[in-house]
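Here are my notes on the model, for use before you set anything up. Please read them beside the structure.

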Amino acid sequence: MSSGASQPNNISKVRLQPDPFLNELTNMFERSTEKGSVWVTLKYSSDKSKLQRNKMKTAGEKIEYKCLIRATDGKKTISTLVGQKDHQRFQASYATILKARMTALKKRERKDKRKAADSDKKQGVLKK
């Protein structure tokens, strides 16, 4: 029997290498452009069970931690592990994908600080 917090059986899970993960993440974003969302989570992980980590600690072995990245659109879940040496390259590619897919966000209207201060002063003089 499984615990009550398990995922439904209709969601497929796939562990990919970093480059295919980025390609599939791009595909997920494209599929969810019109309707839907993509959730991305990052987690610190050693990819070893607690028992294995405890054995490695007692033996004095160094445990290599990696970044576990998961993405899901509700139907499919993909994940990858990124080590320290690949992290910067992966992060740059990931940032490029995110910037390209944030087209639905509205640009914030900003007042120029000087113009806003000048208009506030003028309004203050007119009110007196």
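The points below cover confidence first, then the sheet, the core and the helices.

1. Confidence overall. This is a predicted model. Mean pLDDT for the protein is 79. Of its residues, 77% reach 70 or more.

2. Strand β4 scores highest, with a mean of 92. Helix α4, residues 113–127, scores lowest, with a mean of 61. Residues 1–7 have pLDDT below 50. Beyond near neighbours in sequence, that stretch has two contacts in the model. Where pLDDT is low, predicted coordinates should not be read in detail.

3. Strand pairing. β3 pairs with β2 and with β4. Strand β2 covers residues 39–45 and runs antiparallel to β3, joined by seven bridges. β3 and β4 also run antiparallel, with six bridges.

4. The hairpin. β3 and β4 form a hairpin with three residues between them. G74 sits in that turn and has a positive phi of about 100°.

5. The core. The largest nonpolar core has 14 residues. Which of them touch the most other members? They are F21, L22, L25, I69, A71 and F90. Helices α1 (18–31) and α3 (87–101) each supply at least two core residues, as do strands β3 (66–72) and β4 (76–82). The biggest contributor is α1, with five residues.

6. I69 in detail. Set aside neighbours within four places in sequence. I69 then contacts F21 and F90, along with V40, T41 and L42. I78, S79, T80 and V82 complete its contact list. F21 belongs to α1 and F90 to α3.

7. Helix packing. How are α1 and α3 oriented to each other? Their packing angle is about 10°, and their axes lie 11 Å apart. An angle under 35 degrees counts as roughly parallel, so α1 and α3 are roughly parallel to each other. On the α1 side, the contact is made by P18, D19, F21, L22, L25, T26, F29 and E30. On the α3 side, R89, F90, S93, Y94, I97, L98 and R101 make it.

8. Helix α2. This helix spans residues 50–59 and is hardly covered. Among its 10 residues, the count of buried ones is one. Just after α2 comes G60, with a positive phi of about 80°.

Note on methods
Residues numbered from 1 in each chain as written. Predicted model: local features only at pLDDT ≥ 70, side-chain atom pairs only at ≥ 80, totals over all residues. Heavy atoms only, no water. Core = buried A, V, L, I, M, F, W, Y, C linked by side-chain atoms within 4.5 Å. Buried < 20%, exposed > 50% of the residue type's maximum accessible area, 1.4 Å probe, protein only. Helix = DSSP H or I, 4+ residues; strand = E, 2+ residues; numbered from the N terminus. Contact = heavy atoms within 4.5 Å. Pairing = 2+ DSSP bridges. pLDDT = per-residue confidence, 0-100. Axes fitted to C-alpha atoms, helices over the stretch in contact; angles between N-to-C directions. Parallel < 35°, antiparallel > 145°, perpendicular 65-115°, else oblique.
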